[in-house]
Amino acid sequence: MAQTLGVVPAAHNTEAERAVCGAVLLTGTEALASALNTGLDFKHFYDERLRLVFKAAHSLALRDKAIDFLTIRGELAAIDPDGKVDAVFLSGLTDGVPAQLNIRAYAEAVQADHWKRRRREAVANAHVAIDGGNGDFEAAFQAILETEG
């Protein structure tokens with residue numbers, strides 16, 4: 001009989017993700033540059049709304065545009081047609097963000113959690129390949145090896 005794996009919650013740190021996006025809203029390119037210098041990418045965010053906020057800020061920076069509440073709202077209109085990120089959510093991101101934020105530490109925490117999620121997904125895929133006999137175990141094992149963050 002195949003052993004079933006327990007459901008493990010996805011690794012993520014909502015506070016760290018919110019702190020990064022809140023700092024970007026408060027300080028603009030300064031916080032964004034610090035986060036990007038750690039290798040942080042919008043794909044690393046677990047929360048889709050925070051992923052969209054970071055993506056909007058990065059898109060603005062690539063075009064050398066100001067990063068603030070209004071410009072991010074405008075950018076979100078283009079990349080978030082379903083309106084997942086509303087003005088209330090966006091304005092709430094700056095609540096409780098410390099003035100002296102260690103953006104680097106939070107950005108690194110977001111990335112570490114991203115890689116944990118990727119590893120868990122790769123391991124789960126390997127289990128399916130082993131237990132079901134209908135998957136490509138070699139490809140699943142290779143995916144585990146490629147999730148070094």
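Student: Which helix has the lowest mean pLDDT, and which the highest?

Tutor: Where pLDDT is low, the predicted coordinates should not be read in detail. Among the elements, helix α7 (residues 137–145) has the lowest mean, 63, and helix α3 (residues 48–62) has the highest, 97.

Student: How many helices and strands does the protein chain have?

Tutor: Both are DSSP runs numbered from the N terminus: helices are H or I with at least four residues, strands are E with at least two. This chain has seven helices and zero strands. As for burial, a residue is buried under 20% relative accessible area, exposed over 50%, and partly exposed in between (1.4 Å probe, protein chains only). Of the 149 residues, 34% are buried.

Student: How do I describe the way α1 and α3 cross?

Tutor: Two packed helices are described by the angle between their axes and the distance between the axes. Axes are lines fitted to C-alpha atoms, for helices over the stretch in contact, with angles from 0 to 180 degrees between N-to-C directions. The axes of α1 (residues 14–27) and α3 come within 10 Å and cross at roughly 30 degrees. A crossing is left-handed if the near helix is turned anticlockwise from the far one by less than a right angle, and right-handed if clockwise; that of α1 and α3 is left-handed.

Student: Which residues of α1 and α3 meet?

Tutor: Contact means heavy atoms within 4.5 Å. On the α1 side are E17, R18, V20, C21 and V24, and they meet L50, V53, F54 and A57 of α3. These residues divide into seven nonpolar, no polar and two charged. In that count Ala, Val, Leu, Ile, Met, Phe, Trp, Tyr, Cys and Pro are nonpolar, Asp, Glu, Lys and Arg are charged, and the others, Gly among them, are polar.

Student: How many salt bridges does the structure hold?

Tutor: A salt bridge is a side-chain nitrogen of Lys or Arg within 4 Å of a carboxyl oxygen of Asp or Glu. The structure holds six. One of them joins E48 and K84 at 3.6 Å, N to O. E48 lies in helix α3 and K84 in the loop between α4 and α5 (87–92), so this pair ties together parts 36 residues apart in sequence. E48, D82 and K84 are linked in a network of salt bridges.

Student: Where do K116 and D113 lie?

Tutor: Both lie in helix α6 (residues 103–132), three residues apart, about one turn of the helix. K116 is partly exposed at 41% relative accessibility, whereas D113 is buried at 10%.

Student: What about D64: is this residue buried or exposed?

Tutor: D64 is exposed, at 72% relative accessibility. D64 sits in the loop between α3 and α4 (69–79), and its phi is near 60 degrees, a positive value in a residue other than glycine.

Methods: Residues are numbered from 1 along each chain as its sequence is written. This is a predicted model: local features need pLDDT of at least 70, side-chain atom pairs count only at pLDDT 80 or more; totals for chains, interfaces and linings use all residues. Side-chain values use heavy atoms; hydrogens and water are left out. pLDDT is the predictor's confidence in each residue, from 0 to 100.
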